[in-house]
Amino acid sequence: MGDRALAMGTFFFDERLIDDEQGRIDNEVNAFTPHDCADRSFVTSRLDVKCRCLMELDFMTKESQPSGPDLTSGVALTQFVDGKLLGHVGEEEVLLVQDGSEIFAIAAHCSHYHGPLNEGLMVGGTIRCPWHHACFDLRSGDAVRAPALAPLDCWQVEKRDNLVFVREKRVGLIQRGKPPTSAPEKIVIVGGGAAGFAAAEMLRRREFRGSIVMLSSDSSAPVDRPNLSKDYLAGSAPEDWVPLRPDSYYNEAGIELRLNSEVVSINARHVTTGKGDQVAFDRLLLATGAEPVRLSIPGADQPHVRTLRSLTDCRAIIDTSKTSPRALIIGASFIGLEVAAALRARDIEVHVVAPEKRPMERILGPDVGNFIRALHEEHGVIFHLEDTVTAINGQRATLKSGRTLDAGLVVAGIGVRPRLALAEKAGLVIDRGVQVNAFLETSATGIYAAGDIARWPDPHSGERIRVEHWVVAQRQGQTAAINMMGMREKFAAVPFFWSQHYDVPINYVGHAEQWDEIAIDGNIRARDCLLKYKRKGRVLAVASIFRDLASLQAEVQMEDEMIQSV
Ligand SMILES: Cc1cc2nc3c(=O)[nH]c(=O)nc-3n(C[C@H](O)[C@H](O)[C@H](O)COP(=O)(O)OP(=O)(O)OC[C@H]3O[C@@H](n4cnc5c(N)ncnc54)[C@H](O)[C@@H]3O)c2cc1C
Ligand code: FES
């Protein structure tokens with residue numbers, strides 16, 4: 001979860017937060033004052049949460065009101081700014097949105113991590129969240145695009161005498177339509193991660209009435225995996241933020257979730273698990289994700305040398321960190337550096353060893369690479385770049401340069417490999433991933449693939465691509481679910497990912513494996529920038545820091561280009 005995700009805590013801002021988190025909030029209160037919250041530059045990421053905590057505490061203790069006018073008393077259209085007006089109904093923050101001649105009243109915060117929708121972008125009857133680009137239908141509140149999966153509350157609006165009044169909450173707005181009569185009876189999902197969970201959830205959301213069996217080799221129910229290298233690892237997110245849904249959800253939704261169930265083979269119409277169970281399917285989704293590349297150096301098999309993919313991995317790193325004042329991170333890309341930031345929050349001395357000249361240069365270019373390095377150094381991370389670890393003997397790591405570093409915890413973040421063994425064994429067409437068509441169907445009819453394993457024809461780049469992004473995996477799971485029910489929807493979402501380093505979020509839309517120019521607007525060091533990655537003058541991808549609206553606009557622009565090119 002991005003540090004911004006700490007805002008999710010406000011969903012749970014209740015007695016428990018007051019009791020259990022009082023110490024943490026006290027510290028935050030000591031460091032910040034409500035006055036700080038008025039300053040937009042402070043209201044970002046973790047600070048945003050601190051401010052929210054303060055404001056919530058302030059609200060609870062001084063019986064103050066949430067921000068903006070009381071919308072039940074009526075507001076004038078002239079008060080709207082860029083078609084939006086933030087106010088409240090009782091204690092709930094509500095956003096009024098003007099779309100043409102219509103006015104909608106929706107919850108002011110995104111159902112993903114509580115992003116501020118008043119800073120979002122309205123596009124064709126929807127609003128997109130500025131933080132991680134979730135998209136909601138204004139009319140019904142439905143979460144039409146991941147990463148948000150839950151709808152927004154909506155209120156009745158009345159226009160009278162040039163004033164807009166917000167009335168009661170509206171219910172039953174979401175019309176799903178029925179699945180086609182040709183919908184299959186049995187759907188099996190292999191994988192309990194981003195794509196697998198989003199598929200199961202979408203099947204039930206679209207009222208699929210057949211059986212859903214989700215087989216996962218994980219020991220825990222689907223988790224918010226991005227959180228594992230961010231706030232949960234840093235110790236600032238409580239345990240119950242990590243599951244995507246509480247355990248009770250699966251029974252209630254009629255999703256048979258079988259954990260510790262590794263699928264080892266696929267036959268004509270059933271899969272077989274390592275325990276010998278056979279599960280029949282009419283449609284099958286493969287969403288086996290990726291696994292971390294392991295170190296192949298002497299000493300890599302010691303218990304304090306870890307990788308990070310699952311909740312179990314994360315807990316093991318946390319346990320080891322408790323007795324290790326110094327950690328060594330091998331690899332300076334997203335996971336490695338997010339882990340570095342999280343461990344610094346635990347006051348652990350962190351060294352990063354990586355072969356490249358600059359962190360993340362391959363994806364984001366040299367200027368962002370320099371910035372990221374400086375940012376981590378400001379937080380005390382010690383880099384050993386253009387170097388590699390050649391052996392780990394007990395707690396002593398030897399580098400190619402001849403240096404040695406002592407560390408009680410080693411985390412290797414040297415990349416991931418898609419988990420293709422099952423698809424390969426089943427004879428599916430493989431092309432550095434499982435090859436799928438625009439409908440996410442593999443070379444075998446009725447077998448679909450989504451997420452980190454899938455290589456699909458991306459209409460924006462015009463290339464077959466495979467990416468390792470949370471939001472893409474979820475959206476592919478959703479599209480695959482719709483197609484498994486018998487509909488025909490192309491997967492055409494522009495790729496999006498985010499990464500979080502301390503209080504600095506990086507958003508990225510599009511896909512640029514290679515570029516010949518990076519156009520920088522703004523100032524990277526000032527954390528206010530938009531970078532366009534171009535090839536032959538065409539913008540392939542856009543990275544941004546605190547330019548959320550521009551990032552959303554870039555996404556829409558790329559979507560428009562796709563529509564025009566069809
Ligand atoms: C620590 C961490 C932080 C991340 N942070 C971000 C981020 O900030 N932003 C971002 O965009 N992306 C992030 N990612 C990447 C993102 O999490 C992945 O792209 C996404 O999870 C891929 O979804 P998936 O469903 O393809 O695979 P996964 O979520 O990995 O799920 C795969 C599932 O398949 C199961 N499985 C595998 N093989 C079998 C089998 N044979 N039988 C049964 N089950 C099987 C696994 O146990 C797992 O449950 C992060 C990844 C990690 C590890
Ligand atoms: S907070 Fe809205 S998409 Fe994440």
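User: What should the 13 residues of helix H11 span at 1.5 Å a residue, and how far apart are its end C-alpha atoms?
Analyst: Bear in mind that this is a predicted model. H11 covers residues 366–378 and should span 18 Å at 1.5 Å a residue; its end C-alpha atoms are 18 Å apart, which agrees.

User: Which residues in H11 are buried?
Analyst: Val368, Gly369, Phe371, Ile372, Arg373, Leu375 and His376.

User: Switching to H5. How far does it reach from its first C-alpha to its last?
Analyst: H5 runs over residues 194–205, twelve in number, and reaches 16 Å, close to the 16 Å expected at 1.5 Å a residue.

User: And is H5 mostly covered or mostly open?
Analyst: Mostly covered, with ten of its twelve residues buried. Among them are Phe197, Glu201, Met202 and Leu203.

User: Now the ligand. Which residues come nearest to ligand 1?
Analyst: Of the 36 residues around ligand 1, those coming nearest are Gly191, Gly193, Gly289, Gly451 and Ala473.

User: Which elements each supply at least two residues of that shell?
Analyst: H5 and H13 do, and so does strand S32 (496–501).

User: How does the shell around ligand 1 split by class?
Analyst: The shell has 17 nonpolar residues, twelve polar and seven charged.

User: Where does ligand 1 lie relative to domain 3 and domain 4?
Analyst: Ligand 1 lies between them, because both give residues to its shell. Domain 3 is 186–291 + 417–484, and domain 4 is 294–414.

User: Last topic, the sheet. In what order do the six strands come?
Analyst: The order is S1-S10-S9-S4-S3-S2, in an open sheet with antiparallel pairing. Strand S1 (75–76) and strand S2 (84–89) stand at the edges with a single partner strand each, so one side of each is left without a neighbour in the sheet.

User: How many bridges join S4 to S9?
Analyst: Two bridges join S4 (residues 102–107) to S9 (residues 154–160), and these strands run antiparallel.

User: Which residue in S9 stands opposite alanine 105?
Analyst: Tryptophan 155.

Technical notes: Residues numbered from 1 in each chain as written. Chains lettered and ligands numbered in written order. Predicted model: local features only at pLDDT ≥ 70, side-chain atom pairs only at ≥ 80, totals over all residues. Helix = DSSP H or I, 4+ residues; strand = E, 2+ residues; numbered from the N terminus. Expected span 1.5 Å × (residues − 1). Buried ≥ 20, exposed ≤ 12 C-beta atoms within 10 Å, placed from the backbone. Pairing = 2+ DSSP bridges. Near = placed C-beta within 6 Å. Nonpolar A, V, L, I, M, F, W, Y, C, P; charged D, E, K, R; others polar. Domains from an automatic or database assignment.
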